[in-house]
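Let's walk through a fold together, one question at a time. Have the model open beside you as you read.

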Amino acid sequence: MKFVARILVSFLAASLLIIPASSGSVADAAVRQVALGVSVWDDQNPAEVDAHIAAVGTTPAIWTVWSDWGWADKNFPTAFMNELKSRGIVPMVNWQPIGPGDECSLWSLDPIINGVHDAYIRQWAQDAKAYGGRVIVRFAHEMNGYWFPWGASRCTNTPAKFKQAWIRIWNIFRGVGGEGATNVKFLWSPYGTSQLKAHYPGKKYVDYAGFTAFNWGPNGLSGAPSAPWRTMKANYKTTVRAISRVARRKPLIAAETGAAYLPNCASCDKVAWIRTGYPAVYAKWPRIVAIVYFDIDLTVIANQPNWRLDSPAGALAAYRNVANDARFQGRIP
């Protein structure tokens, strides 16, 4: 139920070493590689991980984990993280200061800045450090939007406060256990191109720059964005250019991306979007080191499109071909 609430809130309201998968050949090792990742509904279920691996035919480099500060999944999920580590997968945690109660007094930027959550943040950082594997933390993503409690225009939030909250958290992580939780890397992940520079904490505090890019198409759903059907490359173009100018030399991650399944739109070819889109993005933007697909159907709970890779027929096969291409078998160490 909590994940449903999270999705409803979400939708309604400097070099990096990329190494080949161990199964790659010597020839493959010379190919620049992009890491692929996925977000699924049942995000902390090892069976879902194995089902995805079986369906796609290869292990994803990144697996999205949702963690909300005020809900039951708030603690660092060590047991599940170990499941991912045993499969060679790096977790990308959408770490969200959100929960029950008044959003302004509990979940806006002010309580973070004022130290209300320091004990929780410190414990999470200590547990992440003890885990030991690489963890990507996507803290307070889409902060320049209005749909989250930490977002611009909510409560008393400002871009300056966002940066202050981010740096406070970064300092806590770097202060635990003497040398800090250095295995944790921070992903700054805005939405679109609004107020990017104003929300950027600074290169010292950011390891990766991310973005959200969905191909909504003319979906006809009330409350959902509707737009002309666009290729993956066209979908990324404006955002990637804008973020690249702000987060200079930072590796880029498409942290949430997908194409809608629109059966009533004859020109909306999701299979082609996948088949031609990944190679086009690969060729255009060498700074994009990872692409994380949003493999979730939101038609029922949020009046949003179906983003699943199994819809329509042929989409999964197209994605499987991409995932088994040597160019898309990168790993983030």
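What follows is a set of questions and answers on this predicted model.

Q: Which residue of β4 does tryptophan 66 stand opposite?
A: Begin with the two strands involved. Strand β3 covers residues 62-68 and strand β4 covers residues 90-96, and the two pair in the parallel sense over seven bridges. Tryptophan 66 falls within the β3 range, and its counterpart in β4 is asparagine 94.

Q: How many charged residues does the contact of α7 with α8 have?
A: On the α7 side you will find Asp118, Ile121, Arg122, Trp124 and Ala125, which meet Arg168, Ile169, Ile172 and Phe173 in α8. Sorted by class, the contact has six nonpolar residues and no polar ones. The charged residues number three.

Q: How do the residues of the contact of α10 with α11 divide?
A: Helix α10 (residues 232-246) and helix α11 (residues 270-284) have axes that come within 8 Å and cross at roughly 40°, which makes α10 oblique to α11. Met232, Lys233, Asn235 and Tyr236 in α10 meet Trp273, Gly277, Tyr278, Ala280, Val281 and Lys284 in α11. By class they divide into six nonpolar, two polar and two charged.

Q: Is α3 oblique or roughly perpendicular to α12?
A: The axes of these helices come within 9 Å and cross at roughly 85°. His52, Ala55 and Val56 of α3 make the contact with Leu316, Tyr319, Arg320 and Ala323 of α12, giving five nonpolar, one polar and one charged residues. Angles of 65 to 115 degrees count as roughly perpendicular, so α3 is, relative to α12, roughly perpendicular.

Q: How many residues apart in sequence are the parts that arginine 87 and aspartate 50 tie together?
A: The model has eleven salt bridges, and one joins arginine 87 to aspartate 50, with the closest N and O atoms 2.8 Å apart. Arginine 87 sits in the loop between α4 (78-86) and β4, while aspartate 50 belongs to helix α3 (residues 46-56), so the pair ties together parts separated in sequence by 37 residues.

Q: Which residue does a cis peptide bond join to proline 312?
A: Go to the loop between β9 (288-294) and α12 (315-323), where proline 312 is found. Omega of the cis bond is about 0°. The partner of proline 312 is serine 311.

Q: Near what value is phi of alanine 140?
A: Alanine 140 is found in the loop between β5 and α8. Its phi is positive, in a residue other than glycine. The value is near 45°.

Conventions
Residues numbered from 1 in each chain as written. Predicted model: local features only at pLDDT ≥ 70, side-chain atom pairs only at ≥ 80, totals over all residues. Heavy atoms only, no water. Pairing = 2+ DSSP bridges. Helix = DSSP H or I, 4+ residues; strand = E, 2+ residues; numbered from the N terminus. Axes fitted to C-alpha atoms, helices over the stretch in contact; angles between N-to-C directions. Parallel < 35°, antiparallel > 145°, perpendicular 65-115°, else oblique. Contact = heavy atoms within 4.5 Å. Nonpolar A, V, L, I, M, F, W, Y, C, P; charged D, E, K, R; others polar. Salt bridge = Lys/Arg side-chain N within 4 Å of Asp/Glu carboxyl O.
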